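Here's a walk through the model, from the confidence scores to the ligand shell, the core and a few single residues. Keep the viewer open as you read.

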Amino acid sequence: MSKFGVLVMGPAGAGKTTFSNSLIQHLQSTRRSCFYVNLDPAAENFTYQPDLDIRELITLEDVMEELGLGPNGGLIYCFEFLLQNLEFLTEALDPLSEEYLIIFDMPGQIELYTHIPLLPSLTQFLSRQGPLNINLCAAYLLESTFVVDKAKFFAGTLSAMSAMLMLEIPHVNILSKMDQVNDMVSRRELRRFANVDVQLLQKDEEDVAASANPMEKEALMSGGSFNQLNRAVAQLIDDFSMVSFLQLDVSDEDSVAGVLSHIDDAIQYHEAQEPREPKDEHEVNYEES
Ligand SMILES: Nc1nc2c(ncn2[C@@H]2O[C@H](COP(=O)(O)OP(=O)(O)OP(=O)(O)O)[C@@H](O)[C@H]2O)c(=O)[nH]1
């Protein structure tokens, strides 16, 4: 039996728990089943009580206190411990039917999404390659208010790409907190980033250089390697041609529904819910007899 799930990921404070809550609320209001898993061993206050909570297995507070580790080392220890005790997940998730959307609310430490191989191991275990056979996608959140300029946008996009490459599961990238982007200029800028037009971003660099006065040109020359780096990063994003962002405003139910429909597509949720057509007459007779 297939299962369906989404890993809600992204840097600290990007809005993962708030998005998870709005998803749960929307799923409930549309009479869909969901199962909420908190995998953040440091999480505290919840609007919706998790159906499964890593803190029943291990908490960051205990680890820091008993092992004398800091918050990042402590988190890594917690995930290593989870990977040694995977029956904690299996027992709770195995009985779930394919109607459920399993929402995994992940921690925000960026290390988890870049170079430490703990998340790939966990993802393999949960995904179709592992015993739980979950059709899994990642929802990677970046805070829209942080990416209103190009440099931060590139940095955020690279972190999203790093997670994409590391986890090898379908990815939905999301600009969160759109309700906080009030002015029209920022909204226009963000729209440009949401559907990344790399040619345009590269052209911006050239336009800036062309219209610069002699003093500015000198400054640009001294920053030449940065410009080259920007162009190389823009080219990298273009080469992958898979980085685009959905815009999320959790205060707008249509926006939440729109993001959910991309997640559903990524995990092919609806295909599995449609009643299976009998192949031929013979099969009908056989099933009826
Ligand atoms: N205005 C606005 N505030 C938001 C939104 N999403 C989250 N916030 C606020 O941003 C802060 C962080 O939100 P969380 O949902 O806890 O973020 P998180 O990514 O789960 O945080 P960590 O688990 O600490 O990594 C909270 O104060 C939220 O109220 C949003 O869409 N709009």
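The chain has an average pLDDT of 83, and 80% of the residues score at least 70; pLDDT is the predictor's confidence in each residue, from 0 to 100. This is a predicted model, so local features need pLDDT of at least 70 and side-chain atom pairs count only at pLDDT 80 or more, while totals for chains, interfaces and linings use all residues. Residues are numbered from 1 along each chain as its sequence is written. For the complex, the predictor gives an ipTM of 0.97 and a pTM of 0.85.

Residues 281–289 are the stretch to treat with care: pLDDT stays under 50 there, and the model has three contacts for them beyond four places in sequence. A contact here is a pair of residues whose C-beta atoms, placed from the backbone, lie within 7 Å.

## The overall build

The chain has 14 helices and seven strands. These are DSSP runs numbered from the N terminus, with helices (H or I) of at least four residues and strands (E) of at least two. Of the 289 residues, 33% count as buried. Buried means that 20 or more other C-beta atoms lie within 10 Å of a residue's own; 12 or fewer makes it exposed, anything in between partly exposed, and the C-beta atoms are placed from the backbone.

Among contacts between residues at least 6 apart in sequence, 75% join residues at least 24 apart.

## Around the ligand

Which residues come nearest to the ligand? Of the 14 around it, they are Gly-15, Lys-16, Thr-17, Thr-18 and Gly-108. To be near, a residue needs its C-beta atom, placed from the backbone, within 6 Å of the molecule.

Helix H1 (residues 16–29) gives the largest share of this shell, with three residues. By type, the shell divides into three nonpolar, seven polar and four charged residues. In that count, Ala, Val, Leu, Ile, Met, Phe, Trp, Tyr, Cys and Pro are nonpolar, Asp, Glu, Lys and Arg are charged, and the others, Gly among them, are polar.

In soluble globular proteins, nonpolar side chains tend to be buried together. Here the largest nonpolar core has 61 residues, and those with the most contacts inside it are Ile-102, Ile-103 and Ala-139. Strand E5 (residues 134–143) provides the largest share of this core, eight residues. A core of this kind is a set of buried Ala, Val, Leu, Ile, Met, Phe, Trp, Tyr and Cys residues joined through C-beta atoms within 7 Å.

Leaving out residues up to four places away in sequence, Ala-139 touches Val-6, Val-8, Met-9, Val-172, Ile-174 and Ile-263.

## One side of H6

Helix H6 (residues 118–126) has Leu-119, Leu-122, Thr-123 and Leu-126 as its buried residues. They sit on the same side of H6 because they cover an arc of only 100° around the axis, the arc being that of the directions from the helix axis to the C-beta atoms. An α-helix has 3.6 residues a turn, so residues three or four places apart point the same way.

What covers these buried residues includes strand E1 (3–9), helix H3 (71–84), helix H5 (111–114), E5 and helix H7 (150–167).

## Residues worth a click

His-26 is found in helix H1. It counts as partly exposed, with 19 other C-beta atoms within 10 Å, and beyond four places in sequence it touches Glu-253, Val-256, Ala-257 and Leu-260. Ile-58 is in the loop between strand E3 (52–53) and helix H2 (60–67), where it is partly exposed with 19 C-beta neighbours inside 10 Å. Apart from neighbours within four places in sequence, Ile-58 is in contact with Pro-41, Val-63, Cys-78 and Phe-81. Phe-81 lies in helix H3; 23 residues separate Phe-81 and Ile-58 along the chain, with 7.9 Å between their C-alpha atoms.

Most residues other than glycine have a negative phi. Arg-31 has a positive phi of about 55° although it is not a glycine; it is placed in the loop between H1 and strand E2 (34–38) and counts as exposed, with 6 C-beta neighbours inside 10 Å. Glu-168 also has a positive phi, near 55°, and is found in the loop between H7 and strand E6 (171–176). With 13 C-beta neighbours inside 10 Å, Glu-168 is partly exposed.

Notes: Two residues are in contact if their C-beta atoms, placed from the backbone, lie within 7 Å.
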